[in-house]
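Here is a short tour of a protein model, written for someone just starting out. Take a look at the sequence and structure first, then read on.

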Amino acid sequence: MSDGIPNPLQGLEAQLRRADRFRDAVDPVAAIAAYRAFTDFLRPRLPELRVAAGLPEQPGTRRDGRLIAESDGERVDPSALNLYTFWNTPLQTAPPLVQACVGEMTRLHADLPTPLTVLDGRSARELVDIPDAVADALEKDHPAHFSDFVRISVLDRLGGIWVDATCWAPAPLPEAVAPLLTAGALYPRWTHRQIGNWFIAAVPATPLIRLQRLALEAWWEQDGGIPDYFLYHRIFEVLLDLVPEFHGQWDAAPTLSSAASHLLQLGMMQPWDPDPLRFVAGASIVQKLSYKYDDVPPGSVLERLVSGEQLLVG
């Protein structure tokens, strides 16, 4: 390392304490039950949802989806990939890591045609319609799920790039994303079926995004509740299985690794060192962090980030 060999255990205790916060985040039983509930809910509504998404009423093929991907991939314009994030309370009261990430993302894109737009509930409504059923069910009591609906609605109508307010990027995103948007839509993924929605990029009105919005809207209009915290992800999996064109379009999308995009989060409690951070910056176009931690180890990557210093030097 650049300044001698750091203690490899420094920050480990803080990281283990932080990891305990996520112990109950994934519930396999709830995931299976939710998948079945969404399948039963969406199957009879598919003809209506397909037409609303611009597809024929009757199912097509995965090849049709790959053709949609090819066509929508040709609509990508890096200069039109506007950048959005969301925080529904005053940003100056947000956790320090959120303020740092939003500040760095703003700085990174300030001189580009696509600066960062920080949305809240009011400004989001200036861009898209948010049904009363969605707002009533989610905005106050389930802010993460409300943000899910905002992001899919904004990208369906306007296209662009969505980054959570806890994301960090080593370089401006539009030029980095454009070569990966050859299918018209992009999510990070853990596996082919398991996506993350903390980062999404899309052209407007592409079926992979529009069907997701329509399904979520239908669910909340029926006051479906939250059978699984990862409701958005379960609906994606159901659409993947029920809509051949959806599956075919996703098959055509390049891989953006969710694992590679969490390297900075895994190491944020460790001592800051520019060499490993250059490796992290080269591993993915974007990194997902978390503001859920108890303390900031002195000299750590996290301390440098929340203090406003650049993570990359030289």
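## Arg-36, out in the open

Arg-36 sits in helix 2, which covers residues 28-42 (helices are DSSP runs of H or I with at least four residues, strands are runs of E with at least two, and both are numbered from the N terminus). Arg-36 is exposed, with a relative accessible area of 57%; exposed means over 50%, buried under 20% and partly exposed in between, using a 1.4 Å probe and protein chains only. From Arg-36 to Ser-284 there are 248 residues in sequence and 34 Å in space, C-alpha to C-alpha.

This is a predicted model, so local features need pLDDT of at least 70 and side-chain atom pairs count only at pLDDT 80 or more, while totals for chains, interfaces and linings use all residues. Residues are numbered from 1 along each chain as its sequence is written, and side-chain values use heavy atoms, with hydrogens and water left out.

## Arg-234, tucked away

Now for another arginine. Arg-234 belongs to helix 11 (residues 231-242) and is buried, at 11% relative accessible area. Beyond its neighbours within four places in sequence, Arg-234 is in contact (heavy atoms within 4.5 Å) with Ala-31, Ala-34, Tyr-35, Phe-38 and Asp-228.

Five strands form an open sheet with mixed pairing, in the order 2-1-3-7-5; two strands pair if DSSP finds at least two bridges between them. Strand 2 (116-119) and strand 5 (185-186) are at the edges with a single partner strand each, so one side of each has no neighbour in the sheet.

Strand 5 runs antiparallel to strand 7 (residues 199-202), and two bridges join them. Ala-185 is opposite Ala-202 in strand 7.
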